[in-house]
Amino acid sequence: MRVSGSPRTTGSPGAPDSAPGGTGTTAKARRRRAGLRGEGTWGWLFVSPMVLVLGLFMVLPILMALWVSLLHWDGQSNPFSGQADFVGLDNYRTLLTQDGLDRTLFATSLRNNAYYVLLTVPLQTVLALALALIVNQKMLRGRGALRTTFFFPSVTSSIAVSTVFLFLFQGSGAVNSMLSWIGVKGPNWFADPRGVLSLILSGLGIVDPERPAGVLADHSLMGLSWFEWLAGPSVAMCTIILLAVWTTSGSFMLIFLAALQNIPRELEESAAMEGVNRRQMLRYVTLPALRPVLFLVLTLGLISTWQVFDQVYVMGQGAPGNTTLTPAFLSYSAGFDNADFGQGSAIAFILLALILILTAFQRWALRERDVHTRRNR
């Protein structure tokens, strides 16, 4: 007979296997950790082929190019055998701090590409969203044909499209012919180096593009005067911008279309019951739901526009007057035309750093912001 209130022994009926925090709980935690480690091992085993491919064909070449950017190498010898001259950061200093033709050309390419990005990314994003909203209408007839038509330029070879644009925008091409029908004399598009903003200011009588004066002419940055920085994209660069917007908006249209079709119908129906119009529906329902996709489209557009090369290579190679020169083409030209692969690699890594910085800033600008409401006391 057990005395009332006596302590229960470990082996007594109904007693727990162990006290809280005892050996039983510890053993379960150990088994759980062992299972997680096993899952992690199997995960790395499955992804190891892709990790090996990425390391062999991406990470290793990037590290090799980083080493080449520290050399003065003409591409004729082995850069890892000690035959190439090690110059450290001289290639970067030549491009960023030392006065000379190299820095001037690099600054010119940055200016041209900056205007290309500032115009192309918003235009292609707005056009892609507008096209997606149009072809997402259920009452629209021929939606499939319209989607195919809008997407077709995106799958066409950029070299072929660039060649067609060369014929369309030449002095006696179809574009100038159509402009002549309304009494407008079109420019010689690919031979006009004048900046669009400078032409506008000149037309308003504010600035003389031939002889700029004042602050715009007295101050400079990286070898270019402020007037050259603010002159805007050239007429030739505007044609490349039109080409880029036309060929990329179709791809982004499909991304927006997929996102629009994933918006819950309950949100739109609730908003419609509240009596909102189409503009309010777009502003307060559709665009907030598309925020992650909008960030994706803007990021892809930002990266691709800073890396533009093929259109520039086909349509101008920097001409006229280096107004279509871009960092990507300048990197190619430095290596394969001037046999200075060290400087070409340095340009590529400066461009990489610029893209990473701008992408981080864009991510910060488009981040979700918490709205704190204060209660009225």
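A pocket, as the word is used here, is an open set of grid points, with protein on both sides within 12 Å along at least five of seven lines. In this predicted model, the largest pocket has a volume of about 630 Å³. Its lining is made up of 15 residues, and those closest to the centre of the pocket are Asn 136, Gln 137, Arg 265, Glu 268 and Met 281. Helix H10 (235–261), helix H11 (265–273) and helix H12 (278–289) are the elements that each give two or more residues to this lining, and H12, with four residues, gives the most. When the lining of the largest pocket is sorted by class, it is found to have five nonpolar, five polar and five charged residues.

The second largest pocket holds about 490 Å³ of space, and it is lined by 20 residues, of which Ala 65, Ser 331, Ser 345, Ala 348 and Phe 349 lie nearest its centre. Here the elements that give two or more residues to the lining are helix H1 (23–68), helix H15 (327–337) and helix H16 (341–365), with the largest share, nine residues, coming from H16. By class, the lining of this second largest pocket has 15 nonpolar and five polar residues, and no charged residues.

Two of these helices, H15 and H16, also pack against each other, at an angle of about 165° and with their axes 7 Å apart. Because angles over 145 degrees count as roughly antiparallel, H15 is described as roughly antiparallel to H16. The crossing in which H15 passes H16 is left-handed. On the H15 side, the residues that meet H16 are Pro 327, Ala 328, Leu 330, Ser 331, Ala 334, Gly 335 and Phe 336, and their partners in H16 are Phe 341, Gln 343, Gly 344, Ile 347, Ala 348 and Leu 351. This contact has nine nonpolar and four polar residues, with no charged residues.

Two details of the backbone complete the tour. Most residues other than glycine have a negative phi, and most peptide bonds are trans. Against that background, the peptide bond from Ala 319 to Pro 320 is cis, with omega near 0°, and Pro 320 is found in the loop between helix H14 (310–315) and H15. The other detail concerns Met 222, which has a positive phi of about 55° although it is not a glycine, and which lies in the loop between strand E3 (220–221) and strand E4 (224–225).

Notes. Residues are numbered from 1 along each chain as its sequence is written. This is a predicted model: local features need pLDDT of at least 70, side-chain atom pairs count only at pLDDT 80 or more; totals for chains, interfaces and linings use all residues. Side-chain values use heavy atoms; hydrogens and water are left out. On a 1 Å grid over the protein atoms alone, a cavity is a set of points where a 1.4 Å probe fits but cannot get out, and a pocket is an open set with protein on both sides within 12 Å along at least five of seven lines; lining residues have an atom within 4 Å of a point. Grid points are joined across faces, edges and corners, and a volume is the space filled by probe spheres set on the points. Ala, Val, Leu, Ile, Met, Phe, Trp, Tyr, Cys and Pro count as nonpolar, Asp, Glu, Lys and Arg as charged, and the others, Gly among them, as polar. Axes are lines fitted to C-alpha atoms, for helices over the stretch in contact, and angles run from 0 to 180 degrees between N-to-C directions. Angles under 35 degrees count as roughly parallel, over 145 as roughly antiparallel, 65 to 115 as roughly perpendicular and the rest as oblique. A crossing is left-handed if the near helix is turned anticlockwise from the far one by less than a right angle, and right-handed if clockwise. Contact means heavy atoms within 4.5 Å.
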